[in-house]
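Keep the viewer open as you read.

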Amino acid sequence: MGILYFVSTPIGNLEDITLRALRTLREVDIIAAEDTRVTRALLSHYDIHTKLISHHNANEKLMVEKMLEILANQDVAVVSDAGTPLINDPGFPLLNAALEAGYTVVPIPGASSPITALSVSGLPVDEFTYLGYLPHKQGERLTYLKQKSEMTSTLLLFSTPHRLLDDLDAMLTVWGNRRIAVCREMTKKFEEILRTDLQGALDHFHTNPPLGEFVLVVHGTEISTRWDQNTVESTIAQGIKEGTKSSDLASEIAQKSGWSKKEIYRLIESRKTRKQNESG
């Protein structure tokens, strides 16, 4: 009876792989890869010639039975394109089927982009929650973020260049102006870590179009630090009375209140409109 290995591979830099992972990839009979082209480049770099088969999101349910047949007599290593298998990657149906069938399952640990990003984010690491990718549709994305809005743990998310601005805007709208570390192209040549807040990140990527793969590390909610609406409204009233410019007032209150600049600016404009209507 064969053994099923889940082998972590580099998330960018090919040197970020363990000696145990390399030995396992050499010794197993078959490697089941998310994208055989990506894995073949890794194997070629380390002069490994193990047979490759394709195992990805589109075919993984169909492949489960075939993989179990292979495991009856051979060892199999499952790899994703980058990082630790099953973390937003294929493999879960196979894992459950193998366990149910009584096969031995062995993890070969290594690189993981969420943990790598968290470790250098500058945000609390004692408690964290992995959320993966946000929903594609705006309504579902906002609903999902509202469900997570009271979580106090540091939050880890993935994003892509074409979704990053929408994701940041949605988080700012629902969660307020929290601290964030935007980690781009981790371990690769153009690695970049932007430690700022959600508004600062949104402003930055409006000016600098996002490229590459992103891990977002976001500060959890701080208990009792978000101002209630009455406090925000009274602070707005005082600022308007003192003649503070609307955009400056919105920025100042956003930094202290846990509300987003957009939310506060909307309240300022609404208050000014009411005053104009009352005086008119």
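**A helix and its surroundings**

Helix H7 (residues 164-175) has 12 residues, which at 1.5 Å a residue should span 16 Å, and its end C-alpha atoms are 16 Å apart, so the two agree. The expected span here is 1.5 Å times one less than the number of residues. Helices (H or I, at least four residues) and strands (E, at least two) are DSSP runs, numbered from the N terminus.

Before going further, note that this is a predicted model, in which local features need pLDDT of at least 70 and side-chain atom pairs count only at pLDDT 80 or more, while totals for chains, interfaces and linings use all residues. Residues are numbered from 1 along each chain as its sequence is written, and side-chain values use heavy atoms, with hydrogens and water left out.

Which residues of H7 are buried? They are Leu 164, Asp 167, Leu 168, Ala 170, Met 171, Leu 172, Val 174 and Trp 175. Buried means under 20% relative accessible area, exposed over 50%, and partly exposed in between (1.4 Å probe, protein chains only). The cover over these buried residues includes strands E6, E7, E8 (179-184) and E10 (214-218), along with helices H6 (138-147) and H8 (198-207). After H7 comes Gly 176, with a positive phi near 85 degrees.

Now turn to the rings. A search of the whole structure finds 3 aromatic pairs. Rings of Phe, Tyr and Trp (its six-membered ring) pair if their centres lie within 6.5 Å; planes under 30 degrees apart count as stacked, over 60 as edge-to-face and the rest as tilted. Tyr 130 and Phe 158 pair edge-to-face, 5.6 Å centre to centre with 75 degrees between the planes. Tyr 130 lies in strand E6 (residues 128-133) and Phe 158 in strand E7 (residues 154-159), so this pair ties together parts that are 28 residues apart in sequence. Tyr 130 counts as partly exposed at 31% relative accessibility, whereas Phe 158, at 10%, counts as buried. Phe 205 and Phe 214 also form an edge-to-face pair, 5.6 Å centre to centre and 90 degrees between the planes. Phe 205 is buried at 4% relative accessibility, and Phe 214 is buried at 2%.

Finally, look at helix H9 (residues 229-241) and helix H10 (residues 246-257), whose axes come within 11 Å and cross at roughly 145 degrees. Axes are lines fitted to C-alpha atoms, for helices over the stretch in contact, and angles run from 0 to 180 degrees between N-to-C directions. Val 232, Thr 235, Ile 236, Gly 239 and Ile 240 in H9 meet Leu 249, Ile 253 and Ser 257 in H10, where contact means heavy atoms within 4.5 Å.
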